[in-house]
Amino acid sequence: MDYILYNVLIGFVCFFIGYIFGSIPNGVLIGKIFFKRDPRLEGSKNSGGTNVGRLFGKKIGFLVIVLDMLKSIIPTIGIVLILKYSGLENTLINNFGEGYFDKGVLFSYLTPLGVSIGHCWPLFIKFKGGKTVAVFAGFCAITSWALIVICIIAFFVTLKIKKYVSLASIVTACSVVVFSWALFGFNFIIPEQYRNITMWGNGDLFINGYEFASALTLVAIILVYRHKANIDRLVNHEENKIKWMK
């Protein structure tokens, strides 16, 4: 039973590290420090890059999006490198066997899940945060080059046609989830050496498995849930369209 306790403890630490990173309120910090305004009190009352861009300008909005993406990228790659090079993974495998959580794969994806929850319900600003779009994009960007392509195509094609950022975000998240499960399904019919060809490191850093698809699915569910007000406005034809894309 010791290996279960070790797994739970390490998993919790990875998740908690992600949650703390996710709780960093980039939009709120920039708004209050440089503009003496809280984006959660204006516009769509959201601290994400879209609302910040509307309030303080496109460049500031883009900066917040990049910083929020880094909230996923930095802790996730950090956890992966620690598991890989600290010797912890090998120690646990030697003690408990190869069945140990697929060599720590699950831990790698608990981190961005924690980031997503921290971003939406941040510890530092009374649990009132963003909608996890940039965090989701960071998760995709750090793990799979193929998902970057899917995100770019799904987001900008939807945005070009419909002109709704919220709809483009939801469509992109759903597209990524479908694609990730399809990739996992292909693992059963393609040679082993090609199973992680869409992942950065070709399986050396990230592994395309049920853990990956499950984590993406959970983050996507959070993203869609956080857009419930946008969905109501879309249904009622009250959602604001973007004006900068013709």
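How are helices α3 and α4 oriented to each other, roughly parallel or roughly antiparallel? Before I answer, please note that this is a predicted model, in which local features need pLDDT of at least 70 and side-chain atom pairs count only at pLDDT 80 or more, while totals for chains, interfaces and linings use all residues. Residues are numbered from 1 along each chain as its sequence is written, and side-chain values use heavy atoms, with hydrogens and water left out.

Let me start with the two helices. The axes of α3, residues 49-56, and α4, residues 58-85, come within 6 Å and cross at roughly 160°, and α3 and α4 are therefore roughly antiparallel to each other, a label given to angles over 145 degrees. Helices here are DSSP runs of H or I with at least four residues, numbered from the N terminus, and axes are lines fitted to C-alpha atoms over the stretch in contact, with angles running from 0 to 180 degrees between N-to-C directions. On the α3 side the contact, meaning heavy atoms within 4.5 Å, is made by Gly49, Val52, Gly53 and Phe56, and on the α4 side by Lys58, Ile60, Gly61, Val64 and Ile65.

Next comes burial, where buried means under 20% relative accessible area, exposed over 50%, and partly exposed in between, with a 1.4 Å probe and protein chains only. Helix α7, residues 133-143, is mostly covered, since 8 of its 11 residues are buried, among them Phe136, Phe139 and Ile142. Threonine 198, in the loop between α9 and α10, is also buried, with a relative accessible area of 11%. Leaving aside neighbours within four places in sequence, threonine 198 is in contact with Ser144, Trp145, Ala146 and Leu183.

Finally, the salt bridges, each being a side-chain nitrogen of Lys or Arg within 4 Å of a carboxyl oxygen of Asp or Glu; the count comes to 5. Lysine 32 and aspartate 38 meet in one of them, at 3.9 Å from N to O, and here lysine 32 is partly exposed at 43% relative accessible area, whereas aspartate 38 is buried at 10%. Arginine 37 pairs with glutamate 42, their closest N and O atoms being 2.6 Å apart, and both count as partly exposed, arginine 37 at 31% and glutamate 42 at 25%. In another salt bridge, glutamate 239 meets arginine 233 at 2.7 Å, N to O; glutamate 239 is buried at 12% relative accessibility, while arginine 233 is partly exposed at 28%. Shared partners also join Lys32, Asp38 and Arg40 into one network of salt bridges.

Notes:
Angles under 35 degrees count as roughly parallel, over 145 as roughly antiparallel, 65 to 115 as roughly perpendicular and the rest as oblique.
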